[in-house]
Amino acid sequence: MEMIHSEKLVYEYDKRDEEGNVIGTNRAIDGVDIDVAPGSFVAVLGHNGSGKSTLAKHMNAILVPTGGTIWVDGKDTKDPAELWNVRQTAGMVFQNPDNQIIGTVVEEDVGFGPENLGVPTDEIWKRVEDSLRSVGMLEYRKASPNKLSGGQKQRVAIAGVIAMEPKCIVLDEPTAMLDPNGRREVIQAVEKLREEKNVTVILITHYMEEVIDADQVFVMDDGHIVMHGTPREIFSRVDELKVYRMDVPQVTMLAEELRKRGLDLPRGILRREELVEALCRLR
Amino acid sequence: MIRDITIGQYYPAESPIHRLDPRVKIVCTLLFLISLFIQNSLLGYVIATLFLGCVIHFSKVPVKYIAKGLKPIVILLLFTVVMNLLLTRGGETLVHFGIITITENGLRTSVFMAIRLIYLVAGSSIMTFTTTPNGLTDGLEKLLHPLNRLNVPVHEVAMIMSIALRFIPILLEETDKIMKAQMARGADFESGNIIQRAKAMIPILVPLFISAFRRANDLAMAMEARCYHGGEGRTKMKPLRYKGRDKMAYIFTLIYIVVIFMVGRFVPFKLWVF
């Protein structure tokens, strides 16, 4: 069974003028079909306003589709009886690290999710310790979240989701507000989680470098999924990506330019080592 | 400068008082405050002083630190003392000078009122110094739990309190940032009379409120995403359970209350030395 499966997903909201009168409807998502296999790493790319965050919020039943259906682990998100099940199955990490930490102490924040699920006290402590360790934040368990860096806060937020033992984590631009160091910390934490816990990861982002290891990449534009494939397939279509106002990684860009000038390089080079290797092979 | 404000100050230390259940501390503080008002004899104050002294000693909070907490009430204290001194009539007249008349009763009341006020603040600050804000909210939630039957949203109120505590430093930082941003554009917060200064605060308050609402919105979404659905069916990571020492503290306080009540009631003569 698919972890997340959607058919003709539509989300509309009313457009209002300054007095609050409805002057029309906007389609943030327009007929999206998406399939995510259990245990896979899926990235959704898109520039601002492409509908990628709206799509992410559907996976956690924060938003309910106005048309079509989305199933999370076989559960229809429109069914109110399944609401809490859906939210436990697909945990969500948001963009702003400050606005998603509820506790005044790191470990209490991580315990917040399990507390809501009604997990027994001893089990909560076990889960908190376990999930803090898996994001490398165990030594900060007694610290105040206000004293942490952005990357650390975001790792705490991830631990808070892991403690609920979800089958799937949706990360909605988790690195958008972080500096390069914080970004690296968060992405490494996510990778480690994938290895250790075998959770499905859905990463919403506009940083190309973060999606290189994904199994599948979806590119969204204006509420539609406009490109879909492995990172290599996607990044070999440099000109098409530019139409959707997306940048490709620098290495890919360089390789593409060299190829256009007549060098015999393969399409879709993602890493620096690959480019070096390909260039050496030319001689 | 704005970060100097510390609300719900907590003095971190390892002491028997720190380890007590927050509920014990809340109830005992309340009892202590009541005890200050049910008696009015010198012996009573001696007993109250002994009790407070013991608690302060065990809490390992320096007396200096507590004295610093008294600063904000100095004006109130002076005002009360002066008023009581001048306006209370009765008993022997001690000083009579123009319109100023100080009587024996006046002196007595003002001294006792001052002691009461100081003990009131010292007693309650011992509670906040030795209990984390979260502990206080948890304790309050549990203590007020019976009010749930009267449809008082106890859990929600406690949750609101703890979230407010979490966001105080964040909003202070934000205020600092907005102030600097407005100052960079030429805003002046330091000159002018009170009304002008108050008006100058508007460009700070408006963006601050907008951002606070935005944060509230984000936070509510994050809480829902983590399955928050009110207090029902919720378990606690750190549940409050009474231990031996908590019972000891209750017994100790009860003995104190009984003694002080008896003194107020049955010691017939007022021990009065002046």
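Colleague: Why does the length of helix α5 in chain A agree with what it should span?

Modeller: Helix α5 (residues 150–162) of chain A has 13 residues, and at 1.5 Å a residue it should span 18 Å. Its end C-alpha atoms are 18 Å apart, so the two agree. The expected span is 1.5 Å times one less than the number of residues. Helices are DSSP runs of H or I, at least four residues, and strands are E runs of at least two, numbered from the N terminus.

Colleague: What is this model, and how is it numbered?

Modeller: It is a predicted model: local features need pLDDT of at least 70, side-chain atom pairs count only at pLDDT 80 or more, and totals for chains, interfaces and linings use all residues. Residues are numbered from 1 along each chain as its sequence is written, chains are lettered from A and ligands numbered from 1 in the order written, and side-chain values use heavy atoms, without hydrogens and water.

Colleague: How many residues of α5(A) are buried?

Modeller: 12 of the 13, so α5(A) is largely enclosed by the rest of the structure. Buried means under 20% relative accessible area, exposed over 50%, partly exposed in between (1.4 Å probe, protein chains only).

Colleague: What do they pack against?

Modeller: Their partners in chain A include α3 (106–117), α4 (121–134) and β7 (168–172).

Colleague: New topic. Where does a charged end sit over the ring of B:Tyr242?

Modeller: The charged end of B:Arg23 lies 4.0 Å from the ring's centre. The cut-offs are NZ of Lys or CZ of Arg within 6 Å of the ring centre and within 35 degrees of the ring normal.

Colleague: Is B:Tyr45 buried or exposed?

Modeller: B:Tyr45 counts as buried, at 3% relative accessibility. B:Phe112 is buried too, at 5%.

Methods: Contact means heavy atoms within 4.5 Å.
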